[in-house]
Amino acid sequence: MMKHKTIFEALKWASSYLVDKGRDENAARLLLQHILQTNYSGLMMRMHDAISNETLEQFENYVEQHAKGRPVQYITGVEEFYGRQFTVNESVLIPRPETEELIVAAQERIHKLIGKAAPIKIADIGTGSGAIAITMKCEMPNAEITATDISESALEIARLNAKQHNAQIDFRLGDLTEPLQNEKWDVILSNPPYISYDEAKEMSEVVLEHEPHSALFAEEDGLILYRKLAEQLPPLLKKPALIGVEIGHLQGEAVANFFKSSFPEAKIEIIKDINQKNRFVFCEIDV
């Protein structure tokens with residue numbers, strides 16, 4: 001590759017190169033910001049600074065990795081979620097901005113249903129990077145939070161993130177509600193795998209070839225884990241209690257019906273995003 005004398009020249013080359021490879025040109029800026037340990041404003045101020053050979057070599061390596069499809073977040077090893085930095089690798093799903101809405105909606109309903117100051121027990125099922133559990137702990141310090149996952153390698157990343165954010169979380173290995181038995185819970189949150197295997201052909205190869213399939217796909221048209229949760233949760237919940245799950249945009253009615261069957265008296269809500277697509281289902285079990 002060509003050698004460039006300034007940061008501006010290196011960034012211009014990388015942006016053009018990524019566009020030619022069918023990638024987002026903004027990835028070049030994000031990668032360079034990470035290498036230089038600066039933000040957007042800092043990078044703009046340094047545009048005409050000389051770039052060292054060592055920095056350029058690392059930058060070219062990162063750009064080439066992304067050109068081949070590796071997500072920027074796995075290259076840099078970090079992603080921002082709810083204003084905090086989380087460590088990520090190929091063992092965990094990259095936290096998505098839309099999942100932040102689950103945090104906001106859950107807090108609103110917890111405050112109304114249970115109260116702001118109450119010492120409550122929250123379980124995050126299928127925690128992955130720990131983004132939901134850790135964020136809830138940081139936002140609601142009085143809550144006692146348990147996070148589960150079927151993957152030990154995912155839990156290793158989650159524990160690392162909890163330590164980085166000084167969040168006291170009880171991490172447990174196991175499938176769905178298996179690690180939660182013989183206890184009662186106030187709140188259950190989950191962003192489970194919900195993509196049907198038929199949808200794989202429509203997905204980006206960046207996601208398919210790099211993010212863990214166990215965190216993406218589920219049987220029964222992506223609905224199996226919601227059905228199992230609805231079946232398993234009734235004996236584990238206090239009253240009042242709240243269940244909140246992230247869903248695929250076509251799954252609202254099906255998931256709502258699972259919870260209606262298990263909790264006939266509960267208030268079931270399907271929450272839509274700004275594009276009016278189904279994003280979350282909340283189930284409020286009152287006293």
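R109 lies over the face of F282, at 4.8 Å from the ring centre. The model is predicted.

M136 illustrates the packing. Leaving aside residues up to four places away in sequence, M136 touches I103, A106, Q107, I110, I122, I145 and L189.

Aromatic pairing was examined next. A pair of aromatic rings is described by the distance of the centres and the angle of the planes. The structure holds two such pairs. The rings of W13 and Y17 have centres 5.4 Å apart and planes at 20°, so this pair is stacked. An angle under 30 degrees is the cut-off for that class. W13 and Y17 both sit in helix α1 (residues 7–20). Because they are four residues apart there, about one helical turn separates them. Both W13 and Y17 are buried. The pair formed by F81 and F86 is edge-to-face, with 6.1 Å centre to centre and 85° between the planes. F81 and F86 are both buried as well.

The overall fold was then summarised. The secondary structure of the protein chain comprises twelve helices and nine strands. Of its 287 residues, 53% are buried. Among contacts with a separation of 6 or more, 65% join residues 24 or more positions apart. The chain exposes about 14,100 Å². Carbon and sulfur atoms supply 49% of that area.

Strands β8 and β9 pair in the antiparallel sense over six bridges. In this pairing, I268 stands opposite C283 in β9. The two strands form a hairpin with five residues between them. Q276 lies in the turn and has a positive phi of about 65°.

Most residues other than glycine have a negative phi, and most peptide bonds are trans. Q276 is found in the loop between β8 (267–272) and β9 (278–285). Its relative accessible area is 57%, so Q276 is exposed. Q37 is likewise not a glycine, yet has a positive phi of about 55°. Q37 is located in the loop between α2 (26–36) and α3 (40–45). At 64% relative accessibility, Q37 counts as exposed, because the cut-off for that class is over 50%. The remaining exception concerns a peptide bond. K239 and P240 are joined by a cis peptide bond, with omega about 0°. P240 is part of strand β7 (residues 237–246).

Definitions and conventions. Residues are numbered from 1 along each chain as its sequence is written. This is a predicted model: local features need pLDDT of at least 70, side-chain atom pairs count only at pLDDT 80 or more; totals for chains, interfaces and linings use all residues. Side-chain values use heavy atoms; hydrogens and water are left out. Buried means under 20% relative accessible area, exposed over 50%, partly exposed in between (1.4 Å probe, protein chains only). Contact means heavy atoms within 4.5 Å. Accessible areas come from the Shrake-Rupley method with a 1.4 Å probe; for residues, only the protein chains shown count as cover. Two strands pair if DSSP finds at least two bridges between them. Rings of Phe, Tyr and Trp (its six-membered ring) pair if their centres lie within 6.5 Å; planes under 30 degrees apart count as stacked, over 60 as edge-to-face and the rest as tilted. A charge sits over a ring if NZ of Lys or CZ of Arg is within 6 Å of the ring centre and within 35 degrees of the ring normal.
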